[in-house]
Amino acid sequence: MSTPRYTVPGMSTRDGGAVIELLNLRLHALNDLALTLKHVHWNVVGPHFIAVHEMLDPQVEAVRAMVDETAERISTLGGSPHGTPGALVAERTWDDYGIGRAGAIAHLGALDVVYTGLIEEHRAVARATEETDPVTQDMLIGQLHSLELFQWFVRAHLETAGGDLSTAGAGTERGAAERAAGGDSSA
Ligand SMILES: [Fe+2]
């Protein structure tokens, strides 16, 4: 962890450095999500194509705004946002999205897993910044309002009338995609 030369008033540079480090990984997660949502927008096929294709662009726009907000918070705290693709790939702790051309429901099953991972980490960092930086915490909570809503948009396609998710118990994108599609990844 590097300590910034200055940070926001009322906060130590040591705490500022810790928050900057946490936010750099959130920045990678959001940049990764924005790219992955566009990848799905381009690769989705099958009978639900237009609904899913069109559902995803507003999510991309909102997530890109979160990317900008997060990067500018890092700069405000006296840090340097790691905004290049090489830094994203070198520093991220998760695998690249692994599904190419596939049916809408398969992609949505995989996206459910993507959103779960990102939201869990966003909540963990929101908790971790409660004492040191409530302004960062407030930003993350604001982002979670939309991220959790977007995950529900995804999950509503995977939910039965009884309230069960077809992806329940799947821990990987591919496993969730197969469960969602009922073993038929072209669905
Ligand atoms: Fe497009």
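Modeller: Before we look at the helices, one definition is needed: an angle over 145 degrees between two axes, taken between their N-to-C directions, counts as roughly antiparallel. Please keep in mind that this is a predicted model.

Colleague: Why are α1 and α2 called roughly antiparallel to each other?

Modeller: The axes of α1 and α2 come within 9 Å and cross at roughly 160 degrees. That angle is over the cut-off of 145 degrees, and the two helices are therefore roughly antiparallel to each other. As for the sense of the crossing, α1 passes α2 in a left-handed one.

Colleague: How do you know that the reach of α2 is close to the expected one?

Modeller: Helix α2, residues 49–76, has 28 residues, and from its first C-alpha to its last it reaches 41 Å, whereas 40 Å is expected at 1.5 Å a residue. Just after this helix, Gly-78 takes a positive phi of about 95 degrees.

Colleague: Which residues of α2 are buried, and what covers them?

Modeller: A residue is called buried if 20 or more other C-beta atoms lie within 10 Å of its own. In α2 the buried residues include Val-52, Met-55, Leu-56, Gln-59 and Arg-73, and among the elements that cover the buried residues of this helix are α1 (13–43), β1 (44–45), α4 (104–128) and α5 (134–156).

Colleague: Why does Gly-117 count as partly exposed?

Modeller: Gly-117, which is found in helix α4, has 14 C-beta neighbours inside 10 Å. A residue with 20 or more would be buried and one with 12 or fewer would be exposed, so Gly-117, with its 14, counts as partly exposed.

Colleague: What makes up the secondary structure of the protein, and in which order do the elements run?

Modeller: The secondary structure comes to six helices and two strands, and from the N terminus on the elements run α-β-α-α-β-α-α-α. The radius of gyration of the protein is 18 Å, close to the 16 Å that the globule rule gives for 187 residues, so the protein is as compact as a globular protein of that length.

Colleague: What does the C-alpha trace span, and how many of the residues count as buried?

Modeller: Along its principal axes the C-alpha trace spans about 55 × 35 × 25 Å, and 38% of the 187 residues count as buried. Among contacts between residues at least 6 apart in sequence, 71% join residues at least 24 apart.

Definitions and conventions:
Residues numbered from 1 in each chain as written. Predicted model: local features only at pLDDT ≥ 70, side-chain atom pairs only at ≥ 80, totals over all residues. Helix = DSSP H or I, 4+ residues; strand = E, 2+ residues; numbered from the N terminus. Expected span 1.5 Å × (residues − 1). Contact = placed C-beta atoms within 7 Å. Rg over C-alpha atoms; globule rule 2.2 N^0.38 Å. Axes fitted to C-alpha atoms, helices over the stretch in contact; angles between N-to-C directions. Parallel < 35°, antiparallel > 145°, perpendicular 65-115°, else oblique. Left-handed = near helix turned anticlockwise from the far one by under 90°.
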